[in-house]
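Morning, everyone. I'll take a few minutes to go through one structure, strand by strand. Please have a look at it first.

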Amino acid sequence: MSYRIVVDGEVCISSGRCVAERPDVFRFDAEEVAEIVPGAPSPPDEQALELARACPSGAVQLVDADTGEEIDVF
């Protein structure tokens with residue numbers, strides 16, 4: 001299975017953890033909410049899982065790249 005990272009802007013609390021860990025993948029928008037950098041490289045699945053688990057609000061989520069189904073990271 002291959003993962004795709006998504007950010008739920010409604011859930012993001014702007015902790016900056018994702019941006020600090022992978023600034024090539026995440027950035028803050030004008031309202032200081034995390035978002036995916038357009039054209040960002042996809043991190044390896046294991047790192048994507050770690051990033052999602054480390055998000056304090058659960059805004060960083062994983063979906064199955066083939067089906068779009070949300071992955072339970074815990």
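Predicted model: local features only at pLDDT ≥ 70, side-chain atom pairs only at ≥ 80, totals over all residues.

What is the order of its three strands? The order is E1-E4-E5, in an open sheet with antiparallel pairing. Strand E1 (3-7) and strand E5 (70-71) are at the edges with a single partner strand each, so one side of each has no neighbour in the sheet.

Now the other partner of E4. E4 and E5 are antiparallel too, with two bridges, and leucine 62 has isoleucine 71 in E5 as its bridge partner. Five residues lie between these strands in the hairpin, and among them glycine 68 has a positive phi near 80°.

Is E4 enclosed or open? Five of its five residues are buried, so E4 is largely enclosed by the rest of the structure. Val60, Leu62 and Asp64 are buried on one side, Gln61 and Val63 on the other. In general, side chains in a regular strand alternate between the two faces of the sheet.

Last, the helix. The buried residues of H2 are Ala48, Leu49, Leu51 and Ala52. They cover an arc of only 160° around the axis, which means they sit on the same side of H2. Their cover includes E1, helix H1 (17-21), strand E2 (26-28) and E4.

That's it from me.

Technical notes. Residues numbered from 1 in each chain as written. Heavy atoms only, no water. Pairing = 2+ DSSP bridges. Helix = DSSP H or I, 4+ residues; strand = E, 2+ residues; numbered from the N terminus. Buried < 20%, exposed > 50% of the residue type's maximum accessible area, 1.4 Å probe, protein only. Arc of directions from axis to C-beta. Contact = heavy atoms within 4.5 Å.
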